[in-house]
Amino acid sequence: MIRDITIGRYFPGNSLLHRLDPRMKTLVVFAMIIMLFLCKNFYSLGLMALVIFILSLISKVPLKMLLKSLKPLIFIVIFTAVLNIFYTQGGQELFKFWIFKVSDKGIYTAVFMATRIILLVTVSSLLTYTTTPTSLTDALEKLMSPLKVFKIEVHTIAMMMTLALRFIPTLIEEIDRIMNAQKARGADWESGSLISRAKALIPILVPLFISSFRRAYELAFAMECRCYTGGQGRTRMKQMKMRFPDFSTAAFALLLFSAIILLNLNFVGVI
Amino acid sequence: MQDSNIKNPIIEFVDVSFSYEAEDDGTQKVLDKINLSIKPGEFICILGHNGSGKSTLAKLTNAIYVPQKGRVVVDGKDTADENLVNDIRQTVGMVFQNPDNQIVATIVEDDVAFGPENLGVAPEEIRQRVDKALKDVGMYDYRHHEPHKLSGGQKQRIAIAGILAMQTKCMVLDEPTAMLDPVGRAEVFETVMRLNKDFGITVIFITHFMEEAVKAERVLVMDDGKIVQDGSPREVFSDVQKIKSVGLDVPQASELCYRLRKAGIDLPPGMLDEEECANAIIKAAEDIS
Amino acid sequence: MPIISTSGLTHVYGENTPFKVAAINDISIEIGKGEFVGIIGHTGSGKSTLIQHLNGILKPSAGKVFLEGKDIWENKKSVRQARFKVGLCFQYPEYQLFEESVYKDIAFGPKNMGLSEKEIDKRVVQAAEYVGLAASLLEKSPFDLSGGEKRRAAIAGVMAMQPAVLILDEPTAGLDPRGRDKILNLIKDYRESTGSTVVLVSHSMEDVAKYVQRVLVVRNSRLEMQGSIKDIYSKGELLKDMGLDVPQITKVFEILQGKGLDVRGDIFTLEEGFNELLKFFGKEVSV
């Protein structure tokens, strides 16, 4: 159920990907997401798929875990694919039934879109699987630090993200517990009209809010006791340092980018 | 005491009173003229039923609350002085009841580093402190784990390591074992005892469990915002009636001896554990025959 | 016929994943009508999973749960019936309070049962009485109660369903000694006045010895042993292995016996110990 959500989970390891500077990793993954959107044909997309596949191998994250992160999105992938099959105009008509026409172009677009979504998810999960949430938020804090110019509280945002990541599993457990407790008193949110189902959520939401406020209050005390006064004057145990592999990664990303642009030009051949 | 090298107290309460604002405009007095002096290196257990004021007393020791009347002085610093708040919190660390609500990071070692990071300690030194603190509480092997997957006792030890890494001289633990099972309870209590013995860290341990209190050097019993008993466990647990009258328990061994004594069997007061209690009974049996 | 029984009850978490674990494994138990049963075991032993099967919150991966001889998973209606006939009070039940008044919160269970206004009112008042909540508290918000009162209000919410079996998962966790005694005594009184079956999950060997008639020991997701207090508590070493310890009073008597004093070794409560020693010293035993 909700416990199965794997997005944002860290998979401990010591691969090259694990050791890269989280800032560079975040930037490159961001760049690769843009590249995925730039891909215009199967050559460029195929290259991206190959690169992402090799990166998965390097990360040593089990294939099973990667597939698991795709699981919640299967519906979206299929939905997009189906939509594209039926709504893409033009191309050669393969067969038709009722008002739907299926063309080769439709199938082409459907497969293309589905692959793109799968690659998008895989590359982002590679980032979260190989980077601890703490270093990820640290990286974001650093990367966003230019925004301070616009009076944006970058540190506060990063701290909020850390705490959210920290408390998601705790809250999921809590929801589970409250649901079971109310079920034991005969609560039922699986039958009845939409309104009565929504109403049935009150016995879960009220205790959840109350306990979250209590947690927040206690956490604030605990943080104060540990001398937390915001970002000023704070040091970090884990220093981020760009090393040779990081610069190589940057160079590699640039190379990949050029390759995508070239392949997009279709000079290899046209489909 | 005429001891010439008498140590200055690390925490001192002088006529401290504290009230919360109640809903209907009035105030509710929680602490009433508390006088208390704690010496460096002491291991103190505070007992008291819910609402007796012990949690408030804990929160006064590191300037989370500031007394409305009287003074709290920590290592020579008055907690009312806002400029000294960080110094005071570096002297007195706190561990709370709910292990989940005091861990801020998603990886064990990052959480332990949180305190020293806030203090602006240099990165290399934080690393050393974190590693040492985790070893001291026996959690070094778990440094890369996610806290939410640990047991309650392990989480509390992480919280303790977080304070050790700040190199505080004193540790205040507000019912740290209340939500744990017997194994976790023993784990946490023994860790704290060891830290007190090995490093001379002053410990104030608030609890409901008498088997913990009997192992302290000094026991304070609170009732209705006042300290009603202050002494060694033996002294405190001798007066079974008094302890029961404030809604607390005594160890079974103490109560057994107490009731036998009342029934006319000649037993000394204040027996704390099964060994003492059994020996006293055997002695009484020999005396009769 | 036992009121609840299980046969080969097994529950596997995360089936079809690499993280598959059996939380309980092949557990067969019987609980008689009107019995006061204790369940002990280490955190993570599976005892919480076990009790959540007894009222159909969890569905077994294998094995069956019978309530009065009928399989509770027979159909949708029978599962719902099981929820009401077997009242389960979770750990820290005060965190499930949600209504605007204590009265409404206690009425939540009976309301879900589809009872009449009149019947609900009768049950709420009675349940509040069982847990010793003054009538004046019923109109208050549950969040304005003290910690102990909240806990008792939550327990009343389960009692108001008038379950044939009441299961309580560590009802005294986190309470001070006075609050603890109050709750245990009200559970005892409730059982005596209603004749219902009560199952108490606890870490406190003292409390278990004082209140229950029979003990089930769960360890490593299996039923390790079951029997009377005497049967179970005489296996001190095994209990220690599981992170549980016999009561201090039992240890006192073990030492006394070891040193050749002519007293019983099977003493598990303070009361028993006190009386045994009075007898030993030739004093009048108070009744």
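A salt bridge is a side-chain nitrogen of Lys or Arg within 4 Å of a carboxyl oxygen of Asp or Glu. B:Asp249 and C:Arg180 meet in such a bridge, at 2.6 Å from N to O. This pair crosses between chains, from the loop between α9 (240–245) and α10 (252–262) of chain B to helix α6 (residues 177–194) of chain C. The structure is a predicted model, and a search of the whole of it finds 46 salt bridges over all chains.

**Interface of chain A and chain B**

- The contact draws 32 residues from chain A and 39 residues from chain B.
- About 3,200 Å² is buried between chain A and chain B, and carbon and sulfur atoms give 55% of that area.
- On the side of chain A, the residues that lose the most area to chain B are A:Arg166, A:Arg226 and A:Met237, together 27% of what that side buries.
- Seven salt bridges are found across this interface of chain A and chain B.
- A:Glu224 forms a salt bridge with B:Arg89, and the closest N and O atoms of the two are 3.5 Å apart.

**Interface of chain B and chain C**

- Here the contact takes 37 residues from chain B and 31 residues from chain C.
- The area buried between chain B and chain C is about 3,000 Å², with 64% of it given by carbon and sulfur atoms.
- B:Gln252, B:Arg259 and B:Glu274 supply 22% of the area that chain B buries against chain C, more than any other three residues.
- Three salt bridges are found across the interface of chain B and chain C.
- B:Asp249, the chain B partner of C:Arg180, counts as buried because its relative accessibility is 17%.
- A salt bridge also joins C:Lys251 and B:Glu274, at 3.8 Å from N to O.
- That pair runs from helix α10 (residues 248–258) of chain C, which holds C:Lys251, to helix α11 (residues 274–288) of chain B, which holds B:Glu274.
- Both C:Lys251 and B:Glu274 are buried.

**A salt-bridge network**

- A network of salt bridges links A:Lys238, B:Glu109, B:Asp110, B:Arg127 and B:Asp131.
- Within this group, the side chains of B:Arg127 and B:Asp131 meet at 3.3 Å, N to O.
- B:Arg127 and B:Asp131 are separated by about one helical turn, because they lie four residues apart in helix α4 (residues 123–136) of chain B.
- B:Arg127 is partly exposed, with a relative accessible area of 28%, whereas B:Asp131 is buried, at 17%.

**Cysteines of chain A**

- The count of disulfides over all chains is zero.
- The cysteine sulfur closest to that of A:Cys225 is in A:Cys227, 8.5 Å away, and therefore too far for a bond.
- A:Cys225 counts as buried, at 2% relative accessibility.
- A:Cys39 also counts as buried, with a relative accessibility of 2%.

**Nonpolar surface patch of chain A**

- A:Leu16, A:Leu50, A:Phe53, A:Ile54, A:Leu57 and A:Ile58 form a nonpolar patch on the surface, with about 550 Å² of accessible area together.
- Helix α3 (residues 42–59) of chain A gives the most to this patch, with five residues.
- A:Ile58 lies in helix α3 of chain A and counts as partly exposed, at 33% relative accessibility.

**Surroundings of C:Ser7**

- C:Ser7 lies in strand β1 (residues 4–13) of chain C and counts as partly exposed, at 34% relative accessibility.
- Leaving aside neighbours within four places in sequence, C:Ser7 is in contact with C:Ile27, C:Ser28, C:Gly63, C:Lys64 and C:Phe66.
- C:Ser7 and C:Pro110 are 103 residues apart in sequence, and their C-alpha atoms are 30 Å apart in space.

Conventions. Residues numbered from 1 in each chain as written. Chains lettered and ligands numbered in written order. Predicted model: local features only at pLDDT ≥ 70, side-chain atom pairs only at ≥ 80, totals over all residues. Heavy atoms only, no water. Patch = residues over 30% accessible without salt bridge, like charges linked within 9 Å, V, L, I, M, F, W, Y side chains within 5 Å. Areas by Shrake-Rupley, 256 points an atom, 1.4 Å probe, with all protein chains shown as cover. Helix = DSSP H or I, 4+ residues; strand = E, 2+ residues; numbered from the N terminus. Buried < 20%, exposed > 50% of the residue type's maximum accessible area, 1.4 Å probe, protein only. Disulfide = S-S within 2.5 Å. Contact = heavy atoms within 4.5 Å. Buried area = accessible area lost by both parts, 1.4 Å probe.
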